[in-house]
Amino acid sequence: MSRTVIRGGLVVTAADEIHADVLIEDGRIAALAATGTPAAEAFTAERTLDATGKYVIPGGVDGHTHMEMPFGGTYASDTFETGTRAAAWGGTTTVVDFAIQTRGGTLREGLDAWHAKAEGNCAIDYGFHMIVSDVREETLKEMDLLVEEGVTSFKQFMAYPGVFYSDDGQILRAMQRAADNGGLIMMHAENGIAIDVLVEQALARGESDPRFHGEVRKALLEAEATHRAIRLAQVAGAPLYVVHVSAREAVAELTRARDEGLPVFGETCPQYLFLSTDNLAEPDFEGAKYVCSTPLRPRDHQAALWRGLRSDDLQVVSTDHCPFCFSGQKELGRGDFSRIPNGLPGVENRMDLLHQAVVDGHLTRRRWIDIACAAPARMFGLYPKKGTLAPGADADVVIYDPHAEQVISARTHHMNVDYSAYEGRRVTGRVETVLSRGEPVITERAYTGHAGHGVYTPRSTCQYLD
Ligand code: URP
Ligand code: ZN
Ligand code: ZN
Ligand code: ZN
């Protein structure tokens with residue numbers, strides 16, 4: 001039996017804060033005991049990690065990543081190998097990535113393809129959601145099979161006509177199926193049909209710079225789609241999870257639905273909490289670095305997002321990590337913002353940026369761990385194996401130094417992308433050591449993991465409904 005003990009840290013979970021020693025046996029949490037008590041003194045192990053003055057927290061669960069995602073004629077620049085290694089550097093020990101059904105293809109083909117990309121390459125554990133882009137009768141049947149084998153959530157798009165787009169009838173059918181089989185529909189809520197009209201009109205006026213990406217993808221069109229998705233889910237009797245919420249008007253729709261008692265959930269991302277249309281407007285095409293959908297909003301939307309996270313109208317912060325290099329990839333959209341591949345890098349930065357939100361007074365420490373670890377684990381059926389520190393849980397543990405200062409930069413990050421969306425930003429707090437199922441992946445700021453350590457992790461259905 002292999003044993004590790006972590007001594008002297010402040011253990012922070014979504015529920016508690018306690019000065020405790022943590023005993024790990026064979027990759028799982030075996031016991032916790034208050035530091036200095038006879039129970040803690042009795043812990044014996046071959047390896048002792050000193051966490052005095054540090055936090056001991058569950059590894060982050062990033063419920064929304066796109067490694068190697070095909071988009072706009074290119075591929076997201078992080079592979080499962082580079083992206084999961086970068087995640088580990090940032091204190092994330094589980095990612096749930098999106099397998100893609102191509103039009104005319106089956107869910108099975110999409111899922112097999114994503115398994116092939118990930119297997120043997122990941123530094124940390126991973127699961128899959130399924131992007132459903134072609135709702136046919138056989139697709140609906142396949143959804144049942146996927147739920148059985150641990151792919152329990154399905155993303156649909158109200159945006160990107162001709163690519164991932166589903167119309168309201170297709171959405172309703174998938175929601176009805178999810179209501180039956182226990183699946184969770186994740187919605188990209190933007191009115192893509194209306195947006196495409198505005199894109200065409202903007203380009204015809206010669207408005208081709210990245211900032212126009214933010215102007216045509218209007219907050220009202222996010223709110224309208226969010227409202228429509230909520231009501232379609234209500235008609236179907238299905239729960240709903242709205243991904244990458246950025247507009248305050250969309251938060252208001254979620255708040256209203258939750259006040260009505262509907263099983264409706266929301267996710268936002270660090271880019272919407274820390275960046276804004278000011279970034280999209282950066283000169284010399286630099287704004288392209290910040291093109292993602294939903295788009296960045298004017299800074300005055302951020303207060304509603306922070307409030308939503310505090311009031312539990314938003315439950316989860318994921319990254320929507322979908323990196324494209326500025327050179328050669330974002331540049332595909334010079335002269336036409338609609339050709340800029342959509343997505344931002346961030347899988348490495350999420351835990352630190354959200355810790356900065358604790359320092360800044362937006363969140364409590366426990367809420368930090370909730371939105372970044374426990375809530376995504378429960379939302380996607382991984383709890384309490386992932387997302388908390390409790391006897392029996394996987395020993396996915398981060399020793400976090402809350403006082404270390406760092407400056408985020410592409411020069412020092414580990415994501416396979418040639419820029420940082422947070423270049424030059426000072427944050428307080430840093431990951432020191434990361435264990436994945438008890439194995440050191442990051443040891444005092446050195447990478448000690450290996451590709452293939454991470455395993456596929458099937459998921460149960462959404463635990464927010466239990
Ligand atoms: O711009 C984004 N968000 N790219 C990734 C795909 C998606 O819609 O989540
Ligand atoms: Zn999306
Ligand atoms: Zn996404
Ligand atoms: Zn290993």
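Author: Start with burial. A residue is buried if 20 or more other C-beta atoms lie within 10 Å of its own, exposed if 12 or fewer, and partly exposed in between; C-beta atoms are placed from the backbone. Ala14 counts as buried because it has 22 C-beta neighbours inside 10 Å. This is a predicted model: local features need pLDDT of at least 70, side-chain atom pairs count only at pLDDT 80 or more, and totals for chains, interfaces and linings use all residues. Residues are numbered from 1 along each chain as its sequence is written, while chains are lettered from A and ligands numbered from 1 in the order in which they are written.

Reader: Where is the place of Ala14?

Author: Helices (H or I, at least four residues) and strands (E, at least two) are DSSP runs, numbered from the N terminus. Ala14 is in the loop between strand 1 (3-12) and strand 2 (17-25).

Reader: Which residues does Ala14 touch?

Author: Contact means C-beta atoms, placed from the backbone, within 7 Å. Leaving out residues up to four places away in sequence, Ala14 touches Arg366, Ile369, Asp370, Cys373, Ala374 and Thr388.

Reader: How is a sheet read?

Author: Two strands pair if DSSP finds at least two bridges between them. Here eight strands form an open sheet, ordered 6-9-10-11-12-13-14-15, with parallel pairing. Its edge strands, strand 6 (60-65) and strand 15 (316-317), each pair on one side only. Strand 11 (residues 153-157) and strand 12 (residues 184-188) pair in the parallel sense over five bridges. Phe157 stands opposite His188 in strand 12.

Reader: What follows helix 6?

Author: Gly206, whose phi is positive, near 85°.

Methods:
Two residues are in contact if their C-beta atoms, placed from the backbone, lie within 7 Å.
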